[in-house]
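Trainee: I have a structure to read and some questions to ask. Can we go through it step by step?

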Amino acid sequence: MALDGCGLFCKYTLFIFNLIFALVGFAFLGIGLWLRFSYNTRGIFQIEALNSSTFVMAVTVLIVLGLVMLIVVVFGDYGACNEKRCALQVFSVLLTILALAEVAVGVIGYSNKDAVGLKIVEFYSSMYALYVTGGGDPVIGATLTFIHNMLHCCGMTGVPLVELAKHTCPAPNGFFEQIKMDGCPNIILSVFDSKAQLVMGVFVGTGALLIIALVCTIILLKQTKRDQQEITAYYSTVY
């Protein structure tokens, strides 16, 4: 089927969108599965009293979100590359649901920013405790290092001399930070409170990108429908 310039643009835009979506989906799924089945963390999921903990819920969300993103990618890539209307229709429905959910989560998170900040601190504290008591899981260690460098904080206390995971902390800036840096729980709360609008903007912006992909999908659907009608009309005149 022949697509015009706009259709080709949308086709390749969807291909790039799905490629990025697939990479993020694989990352979420991989990290989630590692944390779920790692020797140092899988015992948490076997304790019924901890099944509602922030760590368990966060890992479950990572796994489910990764799977959903990969399912969306399958329909999107198949539909766009092969110009299959059925796959594109399913893809458009999934994009609509994801876009609405993305905006809703951003708005709800912003309106409950204090509670969300505390949940993030609880998740960080769980990761930190698992790393310290579990023998230094490399994935958890890399996650802590990323958080510490991004927020420029050092563990639970912020005191490098007594910090149990000090090798995951960033290099101190100046003499005083060699003695005392900011502890991560307080930094997480303050950053989330001050950057709550930015976080909501990221969610809303991601929702907008999903809507752009949805618009491209609708354009492809219309063009593939037009091409099918032209082919049907051609064969009806020939035969």
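This is a predicted model: local features need pLDDT of at least 70, side-chain atom pairs count only at pLDDT 80 or more; totals for chains, interfaces and linings use all residues.

Trainee: Which elements each supply at least two residues of the lining of the second largest pocket?

Mentor: Look at the lining residues first. Among them are Thr13, Phe17, Phe21, Met69, Leu209 and Ala213. Two helices each give at least two residues to this lining: H1 and H7.

Trainee: How do the residues of that lining divide by class?

Mentor: Thr13 and Thr206 are in the lining, and threonine counts as polar. Ile20, Val24 and Leu210 also line the pocket, and such residues count as nonpolar. The division for the second largest pocket is nine nonpolar, two polar and no charged.

Trainee: Phe17 and Phe21 are both in that lining. Where do Phe17 and Phe21 lie, and how many residues apart?

Mentor: Both are in helix H1, which covers residues 5–37. Their spacing is about one turn of the helix. In residues, Phe17 and Phe21 are four apart.

Trainee: Is the pair of Phe17 and Phe21 stacked or edge-to-face?

Mentor: The structure holds two aromatic pairs. In the pair of Phe17 and Phe21, the ring centres are 5.0 Å apart and the planes meet at 20°. Planes under 30 degrees apart count as stacked. So the pair of Phe17 and Phe21 is stacked.

Trainee: Is Phe17 buried or exposed, and what about Phe21?

Mentor: Buried means under 20% relative accessible area. Phe17 has 15%, and Phe21 has 13%. Phe17 is therefore buried, and Phe21 is likewise buried.

Trainee: Now the largest pocket. Which element gives the largest share of its lining?

Mentor: The largest pocket holds about 2,100 Å³ of space. It is lined by 44 residues, with Phe28, Leu62, Ile120, Val199 and Phe203 nearest its centre. Elements giving two or more residues to this lining include H1, H2 (54–82) and H6 (184–194). The largest share, eight residues, comes from H7.

Trainee: How many residues of the lining of the largest pocket are nonpolar?

Mentor: Take the other classes first. Five residues are polar and four are charged. The nonpolar count is 35.

Trainee: Why do the buried residues of H6 line one face of the helix?

Mentor: The buried residues in H6 are Cys184, Pro185, Ile187, Ile188 and Phe192. They line one face because, seen down the axis of H6, they fall within an arc of 160°.

Trainee: Which exposed residues does the face of H6 turned away from its buried side carry?

Mentor: Exposed means over 50% relative accessible area. On that face of H6, the exposed residues are Asn186 and Ser194.

Key:
Residues are numbered from 1 along each chain as its sequence is written. Side-chain values use heavy atoms; hydrogens and water are left out. Rings of Phe, Tyr and Trp (its six-membered ring) pair if their centres lie within 6.5 Å; planes under 30 degrees apart count as stacked, over 60 as edge-to-face and the rest as tilted. Buried means under 20% relative accessible area, exposed over 50%, partly exposed in between (1.4 Å probe, protein chains only). On a 1 Å grid over the protein atoms alone, a cavity is a set of points where a 1.4 Å probe fits but cannot get out, and a pocket is an open set with protein on both sides within 12 Å along at least five of seven lines; lining residues have an atom within 4 Å of a point. Grid points are joined across faces, edges and corners, and a volume is the space filled by probe spheres set on the points. The arc is that of the directions from the helix axis to the C-beta atoms.
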